[in-house]
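Hi,

Here is the structure I said I would pass on. Have a look at it first, and then read my notes below.

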Amino acid sequence: MSIEINNESGVEVDESALQRLATFALDHLHVHQDAELAILLVDEAAMEQLHVQWMDEPGPTDVLSFPMDELRPGSEDEITPPGLLGDLVICPQVAIAQAQDAGHAPSDEMQLLTAHGILHLLGYDHAEPDEEREMFDIQREILVGFTLAERKR
């Protein structure tokens, strides 16, 4: 699995943890080992520019997902085909503020945003209550499973 992380945010981030989480999430979702994912960490100004350009909404946001080959999750019986999963853009400064508001560590927020963004790349959405429930249940499975796997490391 090819997971490239580029930190242009000016904030120190545990990139190896994000890479391990992304690998765990993609394995959990039965994504082909030859899939490619790019994670870009940007500052608030760059994120605001992307947010306005692609979502037509003001201000920086926490995470944006840009799917490429429209891959969907696989199953134990059938993994996804190889391909370009897409680009995930995260703003650590927004993540830090959200973590503070939520009362947890910035690293936890970065992991949540990574898992959330990967699910969006794979076609999950949360516009409708049923979609939200499904997406957030899978997101929780990934984060809990990853935390347990990290404790065993």
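Let me start with Q139, which is buried at a relative accessible area of 6%. Keep in mind that this is a predicted model. Q139 sits in helix α5, and, leaving out residues up to four places away in sequence, Q139 touches L112, A115, H116 and L119.

The largest nonpolar core has 34 residues, and L29, L37, I39, I118 and L122 have the most contacts inside it. Two or more residues each come from β1 (2-7), α1 (15-28), β2 (36-41), β4, α4 (106-121) and α5 (129-152). Helix α4 gives the largest share, 6 residues.

Neighbours within four places in sequence aside, L122 is in contact with L26, L29, V31, L71, R72, P73 and L85. Another core, of 8 residues, lies apart from the largest one, and L64, V89, C91 and V94 are among its members.

Next, helix α2. It runs over residues 44-55, 12 residues in total, and reaches 15 Å from first C-alpha to last, close to the 16 Å expected at 1.5 Å a residue. Which of its residues are buried? M47, L50 and H51 are. They sit on the same side of α2, because they cover an arc of only 105° around the axis. The buried residues of α2 pack against β3 (63-67) and β4 (84-90), while A45, Q49 and Q53 are exposed on the face turned away from the buried side.

After the helix comes D56, whose phi is positive, near 55°. D56 belongs to the loop between α2 and β3 and is exposed, with a relative accessible area of 66%.

I mention the pair because most residues other than glycine have a negative phi. H30 is in the loop between α1 and β2 and is partly exposed, at a relative accessible area of 23%.

On aromatics, the count comes to 2 pairs. In one of them, the rings of W54 and F66 have their centres 5.6 Å apart and their planes at 70°, so the pair is edge-to-face. W54 lies in helix α2 and F66 in strand β3, so this pair ties together parts that are 12 residues apart in sequence. W54 itself counts as exposed, at 52% relative accessibility.

Last one: P82, in the loop between β3 and β4. P82 is partly exposed, with a relative accessible area of 47%. What does P82 contact, leaving aside its neighbours within four places in sequence? The residues are H32, D34 and L71. P82 and D69 are 13 residues apart in sequence, and their C-alpha atoms are 9.3 Å apart in space.

That is my list; over to you.

Cheers

Technical notes: Residues are numbered from 1 along each chain as its sequence is written. This is a predicted model: local features need pLDDT of at least 70, side-chain atom pairs count only at pLDDT 80 or more; totals for chains, interfaces and linings use all residues. Side-chain values use heavy atoms; hydrogens and water are left out. Helices (H or I, at least four residues) and strands (E, at least two) are DSSP runs, numbered from the N terminus. The expected span of a helix is 1.5 Å times one less than its number of residues. Buried means under 20% relative accessible area, exposed over 50%, partly exposed in between (1.4 Å probe, protein chains only). The arc is that of the directions from the helix axis to the C-beta atoms. Contact means heavy atoms within 4.5 Å. A nonpolar core is a set of buried Ala, Val, Leu, Ile, Met, Phe, Trp, Tyr and Cys residues joined through side-chain atoms within 4.5 Å. Rings of Phe, Tyr and Trp (its six-membered ring) pair if their centres lie within 6.5 Å; planes under 30 degrees apart count as stacked, over 60 as edge-to-face and the rest as tilted.
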